[in-house]
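Welcome! Have a look at the structure below, and then let us walk through its nonpolar cores and its salt bridges.

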Amino acid sequence: MEDCIFCKIANKEIPSKTVYEDDKIYSFYDLEPQAPVHVLIIPKKHIASTDDLTDEDQKLMGYMLCKVKDIAKELDLVNGYRIVINCGEDGFQTVKHLHIHLLGKRKLTWPPG
Ligand code: AMP
Ligand code: ZN
């Protein structure tokens, strides 16, 4: 999608610090980390939010979720971690390209703010 910052990051039109990449997904460090480790995992296909998922995306979303543990292991998140997907205004989604936040290396509180 033309004006999407995360599409541009996945296409390397905007620089980012790569964590993991394959033909379906891209993972990179968040610019404003909320924990000592804070990375984002995105599908290379533009999907605006979880609200925009279709049955066609089931395999891709399952794939993304299954990759989390590999990325977490690579980042040495041996003590656990949190994954978050914000959606829409109340969910405080600021970038309209679906992404998983992966946060770790500190004790996270619950409930979130
Ligand atoms: P959300 O609020 O769930 O939409 O999360 C968007 C996240 O993208 C925020 O944590 C931002 O810090 C992060 N972000 C925005 N622009 C960039 C960028 N160019 N590189 C890395 N992370 C970014
Ligand atoms: Zn996009």
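The largest nonpolar core here has 17 residues, and Val39, Ile41, Met64, Ile71, Leu75 and Leu102 have the most contacts inside it. Such a core is a set of buried Ala, Val, Leu, Ile, Met, Phe, Trp, Tyr and Cys residues joined through side-chain atoms within 4.5 Å; buried means under 20% relative accessible area, exposed over 50%, and partly exposed in between (1.4 Å probe, protein chains only). At least two residues of this core come from each of β3 (37-43), α2 (58-74) and β5 (100-104), with α2 giving the largest share, 6 residues. Helices (H or I, at least four residues) and strands (E, at least two) are DSSP runs, numbered from the N terminus. Apart from this core lies another, of 10 residues, including Cys4, Phe6, Tyr26 and Leu40.

This is a predicted model: local features need pLDDT of at least 70, side-chain atom pairs count only at pLDDT 80 or more, and totals for chains, interfaces and linings use all residues. Side-chain values use heavy atoms, without hydrogens and water, and residues are numbered from 1 along each chain as its sequence is written.

Now to the charged pairs: the structure holds 8 salt bridges, each a side-chain nitrogen of Lys or Arg within 4 Å of a carboxyl oxygen of Asp or Glu. Here are three of them.

| Pair | N to O distance |
|---|---|
| Glu21 and Lys44 | 2.8 Å |
| Glu56 and Lys45 | 3.9 Å |
| Asp70 and Lys69 | 3.9 Å |

Glu21 sits in strand β1 (residues 18-21) and Lys44 in the loop between β3 and α2, so their pair ties together parts 23 residues apart in sequence. Glu56 is exposed, at 70% relative accessibility, while Lys45 is partly exposed at 36%.

Definitions and conventions. Chains are lettered from A and ligands numbered from 1 in the order in which they are written.
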